[in-house]
Amino acid sequence: MLDLDVSTLALIGGVLVLLGVATAVVQMIKRRTDTSVDPAILETFRLRVKAWWILVAVLAAAFLFGRWATVALFGLISFWALREFITLTPTRPGDHRALFWVFFLVTPAHYLFVGLDWYWLYSILIPVYAFLFIPARIAMSGDPKRFLERTAKIEVGLLISVYSLSYAPALLNLDLGPGKGFSSNASLLFFFIVMVQLSDVLQYAWAQLPTRHVIVPTINPTKTWEGLLGGTGSVTLLGAALWWATPFPYWLAAGMSLMVALLGFAGSLTMSAIKRDRGVKDYGTLVEGHGGVLDRIDSICFAAPVFFHFTRYYLVLSGHMPPIG
């Protein structure tokens, strides 16, 4: 079992306190009969708080058991998310052997390399070797029908659900400077997850304003300009206030939070477009009120690789890491 440092414990503790307050407020409002709050909005908020409790509890437990446990947790999440993605889009018998290798060789190997901190390999395994192997293996099946569509679907699912998400636990591998160990990296990872999830919640909250200007009604009618601007601005300020949980100065913590919020929005919108194309509301039914795992991590998937690399660039420029590692 691992001892977490003060900044990590403070960040986790602060989130738990906020969740406790939010849970209490929801229960109080539900008991009142004279409230003017829309029951549908209140129920959505309650389910989001419940999902947060699960996320924080699981992630904190993984932290306690160390880096490998955290990497394994994200590996399992990736496996399940990829399963949801592939299940949503029909496959043909000619795809099944390629999918076997994707699920039971490429995905575990990729997370093994993340755990071993082989950046030189996990950064290219999927976008180079797997992306060349998949179309070749499907072609060997002898089924040319919708070949390009089938290949692209598998590769997009692998890119988003596995490759992109894996850059979240890869934050644990970064060298944050002298005297910084796993606990400091855990604090950075938790900061990233909190910023992404807060962005989703705050964008939803700001979107409830009476003046609503939906950004792309045909893709997601709940995404508004008010929600995007209000939620992004709020997360930027919160990121600056929580700079102490990161290796960044306050102004860069704010900028990274802004970037995470915008990328999270892009991820949510993109995954909504895929669902609309398939004519479904959610990717799965695992999480009550929120569909599947992929519905909960779509924002994280888009934000993780960019946050990782911008952090890495900063650490290289500040002299904490070599240019190639």
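**Overall fold**

The model is predicted. The chain holds 11 helices and 2 strands. Read along the sequence, the pattern is α-α-α-α-α-α-α-α-β-β-α-α-α. A compact globule of 325 residues would have a radius of gyration near 20 Å, and the chain agrees, with 20 Å. Its C-alpha atoms fill a box of roughly 65 × 50 × 35 Å along the principal axes. Of the 325 residues, 51% count as buried. Take the contacts with a separation of 6 or more: residues 24 or more positions apart account for 70% of them.

**The core**

In soluble globular proteins, nonpolar side chains tend to be buried together. Here, the largest nonpolar core has 85 residues. Leu158, Leu189, Phe190, Phe192 and Phe307 have the most contacts inside this core. Helix H8 gives the most to the core, with 12 residues. What does Phe307 touch, leaving aside its neighbours within four places in sequence? Its partners are Leu171, Leu188, Phe191, Phe192, Phe248, Met256, Met259 and Val260.

**Helix H9**

Helix H9 covers residues 225-241. Its 17 residues reach 24 Å from the first C-alpha to the last, close to the 24 Å expected at 1.5 Å a residue. Several H9 residues are buried, including Glu226, Leu228, Thr232, Val235 and Ala240.

**Aromatic rings**

A pair of aromatic rings is described by the distance of the centres and the angle of the planes. The chain has 17 aromatic pairs. Two of them are set out below.

| Pair | Centre to centre | Angle of planes | Arrangement |
|---|---|---|---|
| Trp118 and Trp120 | 5.9 Å | 25 degrees | stacked |
| Tyr122 and Tyr167 | 6.1 Å | 65 degrees | edge-to-face |

Why is the pair of Trp118 and Trp120 stacked? Planes under 30 degrees apart count as stacked, and these two lie at 25 degrees, so the pair qualifies. Trp118 is partly exposed, with a relative accessible area of 34%. Trp120 counts as exposed, at 53%.

Are Tyr122 and Tyr167 buried or exposed? Both are buried. Their pair links distant parts of the chain, 45 residues apart. Tyr122 lies in helix H5 (residues 119-122). Tyr167 lies in the loop between helix H7 (147-164) and helix H8 (182-206).

Ring pairs also join Phe79, Phe100, Trp101, Phe103 and Phe104 into a cluster.

Charges meet rings too. The charged end of Arg83 sits over the ring of Trp80, 5.0 Å from its centre. The charged end of Arg312 sits over the ring of Tyr119, 4.4 Å from its centre.

How values were computed. Residues numbered from 1 in each chain as written. Predicted model: local features only at pLDDT ≥ 70, side-chain atom pairs only at ≥ 80, totals over all residues. Heavy atoms only, no water. Phe/Tyr/Trp six-rings, centres within 6.5 Å; stacked < 30°, edge-to-face > 60°. Buried < 20%, exposed > 50% of the residue type's maximum accessible area, 1.4 Å probe, protein only. Helix = DSSP H or I, 4+ residues; strand = E, 2+ residues; numbered from the N terminus. Lys NZ or Arg CZ within 6 Å of the ring centre and 35° of its normal. Expected span 1.5 Å × (residues − 1). Core = buried A, V, L, I, M, F, W, Y, C linked by side-chain atoms within 4.5 Å. Contact = heavy atoms within 4.5 Å. Rg over C-alpha atoms; globule rule 2.2 N^0.38 Å.
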